[in-house]
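Colleague: Please take a close look at the salt bridges in this model, and then at what surrounds them. I would like to have the cut-offs as you go.

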Amino acid sequence: MIIQLENDINTSQKEAIKSRIEGIHYMITEVNTQRNNYLVCVGKADFDIRSIGNLPGIRDIHRVSDDYKLVSSKWKTRHTVIDLGDGIRIGNGEFTIMAGPCSIESEEQIARTIEHLKANNISIMRGGVYKPRSSPYSFRGLGIDGLKLWHDMASKAGIKIISEVMQVSQIEPMYDYVDIFQVGARNTQNFNLLDELGKVDKPVLIKRGISGTVDELLYSAEYVFSAGNEDLMLCERGIRTYERSSRNTLDINAIPILKEKSHLPVVADPSHAIGIRRHVTDVALACVIAGADGVIFETHEEPALAYSDGQQTLDFGQSEKLIKMMRSTYDLREEFAI
Ligand code: PEP
Ligand code: MN
């Protein structure tokens, strides 16, 4: 059960609500986000919800049978929209494209990418400055100096930044220079990181873990929400299966399922899912048809020279074509109300 409290609730009203809930032996967790105050109540007893809902100080009350609560669509039926400012919104009727290189490499590369994005009306650029690499000898990112340079150039061009944060100690130094924190597939269950991102007033995109289930992704989002941050989006990026013909197996099913189970925007990452450049376009379009609110993909002026993930990175010509096709496909989806 979730109870949303009135913002001006007083202490004695809150105590009265809590003692009524304790009376039915439910465990209470108080959640105070940047916008709202909730009591998340977990228990087994059957009770008449009206006996609690009538108490003063309650704005809204719902039973939520899912184990994740605040991110569940059983609690909030309206889809969440994330507002990045400057008219840029993600979710519910907006189709968002985020594109850029796997890794931020140089001033020249940032400039070329920004030019490409501007020419195609894309306002969110992706790129890693902290790179989780399987081998410690691979390029591991330009770090905070690279992020500052990128931010300087992107903000002048009116471009927002999404970049991966790998550990708690990076949150504070990154804070002023990113618009969206990305939690990578290797960190989906880094609960300390998720807790700390809950204290931040910037949106968070959470990727599905490499071997994580849909429910585990939702629990990860619940961590961030219950620690205080409601501005979340979920990302399907492929999971590891027994199939070896592609980098990962895109779980296309997860897109409509997540959209049904949760009110959060759902984004798809075809680049890391299939991992093969010539197939990224087909897979990206499938994600749009499946109902994704957005797609994040990798692009580079010269993919063959990219410091990381070149094999799955589109060149600017391919990227431009994909952007146009995704927009037309999205319009088609809307037209037929799929
Ligand atoms: C990335 O976005 O470059 C990345 C490392 O993604 P993932 O965490 O999905 O592997
Ligand atoms: Mn990558």
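Modeller: Happy to: a salt bridge here is a side-chain nitrogen of Lys or Arg within 4 Å of a carboxyl oxygen of Asp or Glu. This is a predicted model, where local features need pLDDT of at least 70, side-chain atom pairs count only at pLDDT 80 or more, and totals for chains, interfaces and linings use all residues. Residues are numbered from 1 along each chain as written, chains are lettered from A and ligands numbered from 1 in written order, and side-chain values use heavy atoms, without hydrogens or water.

Searching the whole structure gives 21 salt bridges. One of them pairs R333 with E334, with N and O 4.0 Å apart. R333 is buried at 7% relative accessible area, whereas E334 is partly exposed at 42% (buried is under 20%, exposed over 50%, partly exposed in between, with a 1.4 Å probe and protein chains only). D66 and K74 make another salt bridge, N to O at 2.9 Å. Here D66 is buried, with a relative accessible area of 15%, and K74 is partly exposed at 41%.

The salt bridge between R208 and E236 has its closest N and O atoms 2.7 Å apart. R208 sits in the loop between β11 (204-207) and α7 (214-226) while E236 belongs to strand β12 (residues 232-236), so this pair ties together parts that are 28 residues apart in sequence. Helices (H or I, at least four residues) and strands (E, at least two) are DSSP runs numbered from the N terminus. Both partners are covered: R208 counts as buried at 4% relative accessibility, and E236 is buried at 0%. Elsewhere, K14, K18 and E30 are linked in a network of salt bridges.

Moving on to the ligand, R237 has a side-chain N or O atom 2.7 Å from an oxygen of ligand 1.

Q109, in helix α3 (residues 107-119), is buried at 6%, and its side chain reaches the backbone nitrogen of E105 at 2.7 Å. Q4, in strand β1, is buried at 10%, and its side chain has a polar contact of 3.2 Å with that of N36.

Strand β1 (residues 2-5) runs antiparallel to β3 (residues 37-42), joined by four bridges (pairing needs at least two DSSP bridges). L5 has N37 as its bridge partner in β3, and N32 also stands opposite N37. Strand β2 (residues 27-32) pairs with β3 in the antiparallel sense over six bridges, and these two strands form a hairpin with four residues between them.

Conventions: A polar contact is a pair of N or O atoms within 3.5 Å; within protein, one must be able to donate a hydrogen and the other to accept it, and residues adjacent in sequence count only if both atoms are side-chain atoms.
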